[in-house]
Amino acid sequence: MLKKEKKTILIVDDDQDYLFQMKTNVKDMGFDVITAYTLKEAEDIVARTKPDLAILDLMMENQDTGFILCHKIKSKYPDLPIIIVSAVTAETGMLFDVTTDEERDWIKADLFLDKGIRMDQLHKEINKLLKI
Amino acid sequence: METLNLLVVDDEPGIRSGVSRILDNYSVSYPFMDDDIGFNVKTAETGEEALEILKGEPMDIVLLDNKLPGIQGIDVLEYINQQKMDVVVVMITSYASLDLAVKATRQGAYDFVPKPFTPKELRASVETITKQRFLRRMTEKMNVEGRQVRFQFLSVLSHELKSPLNAVEGYLRMMEEKKFGNDLDQYLDMVGRSLQRIQGMRNLIMDMLDVTRIESGKKKRKIEQIRLCDICQLSIDSFQPLSIQKDVDVYLNCSEKIDLYADRQEIEIILNNLISNAIKYNKDGGRVDVSLRKEDQKIILSVEDTGIGMEEEDIRMLFEDFVRIKSEHTKNISGSGLGLSIVKKLLDLYNASIDVESKPGEGSCFTVVFNAGQQNN
């Protein structure tokens, strides 16, 4: 009998506490987790392996690092679902600089979420994107 | 050459052709403007005709006679106001009553030119308007840019303040759910991290207040003669717990007594930032050299470390607000990202320069040069 493979989730964030918490929580949901702390680390990981889903922080080294990383990953793996999380959504009405369809189309993120999201909600969204 | 559209509204043919002739080939220059400004003159015989032209194409300046055959000049002015058009209106009139003058000014008329006028008078009036209009545009543009900068600053600030809140909240949630069982010791790291993040947030708020005070110019400064070596030593002493923890040796090289006229608190902030950075971003077991020397009229302070160093491209952004170099080496080091931007702002007050030399993996050297010759800030 084939054992069902665990899905792997890549989490990229420059806040090591948030990274640790996400790793713990997402592991508890029953996934394998790889983490990256910088844009470069994330790019290295994506060059080597293909995760099943990626969760990216929006503001890392620069204000739009998350967007750029998202664009790069999507160019390589168009079918890899990506969630962009950010702490600035509430104040700026989520859109920050993404106002046009063209920009959205360029970024190609599947979902934008606020960092304050509850873990059970996040779990639901992950399952939806992974079609579990 | 930039061209402004100017509309003359007058029922006297002589005035219309006169204005066209006077302003033809006339241009206004201003030291702040890149380009001279010329005029494209249109004419209207009646108020009705003027409204048609105004509906059709945007005008920059309108020279308006009040006494017209149909609707009056003041009605045209009212229309321009209602439509919130960006137009400067000058009333040209032979018999301006006080009543009309008050009414027209209230409606936003910028100037009055009495009829008859000489070419010189007309040109002078048009020149004033053009310059005033240019300055108004510049002010508006700068206001908009200022607002954008403030908004950007606020959104980065809110991000920097929310991140520690999220981190602490996350740890509290994990404890609430007893993620790691009932043993309290399993959570001590999280408590420690939470306390660190709270301290970081407190530092950020203090730094923020410093930035705001410096930028508003409201900070009370007390310029006095201060002995730099003593302040360096004090600063080094105050970071001793940190340097012991990192096993970094800090040396002060100051062979002569060097005095500077400055605000003691400001110099302390500068030194504290440079010295604490040199310790924080050092390798375990590394060293820091703080040197002070005088060359002619210059006082040179350098803080050199044997730390992690920086890439060329990182140095360029180093003195901007909230810039922190993120790498594997810096992820355990906390900072507000404001320290060096504060240092730069303070040094600007003294017309002092700061230079950075750095090699990744080998260390950085920050050199500050005070000009002791021009010391009366």
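**View 1. Helices α2 and α3 of chain A pack at an angle of about 10 degrees, with their axes 11 Å apart.** Here α2(A) covers residues 39-48 and α3(A) residues 65-76; helices are DSSP runs of H or I with at least four residues, strands are runs of E with at least two, and both are numbered from the N terminus. Axes are lines fitted to C-alpha atoms, for helices over the stretch in contact, and angles run from 0 to 180 degrees between N-to-C directions. The two helices are therefore roughly parallel, a label for angles under 35 degrees. This is a predicted model, in which local features need pLDDT of at least 70, side-chain atom pairs count only at pLDDT 80 or more, and totals for chains, interfaces and linings use all residues. Residues are numbered from 1 along each chain as its sequence is written, while chains are lettered from A in the order in which they are written.

**View 2. A closer look at the residues where α2(A) meets α3(A).** From α2(A) come A:Leu39, A:Ala42, A:Glu43 and A:Val46, and they meet A:Thr65, A:Leu69, A:Lys72, A:Ile73 and A:Lys76 of α3(A). Contact requires C-beta atoms, placed from the backbone, within 7 Å. By class, the residues of this contact are five nonpolar, one polar and three charged.

**View 3. A:Ile68 in helix α3 of chain A.** A:Ile68 counts as partly exposed because it has 16 C-beta neighbours inside 10 Å; buried takes 20 or more other C-beta atoms within 10 Å, exposed 12 or fewer, and partly exposed falls in between.

Terms used:
Parallel < 35°, antiparallel > 145°, perpendicular 65-115°, else oblique. Contact = placed C-beta atoms within 7 Å. Nonpolar A, V, L, I, M, F, W, Y, C, P; charged D, E, K, R; others polar.
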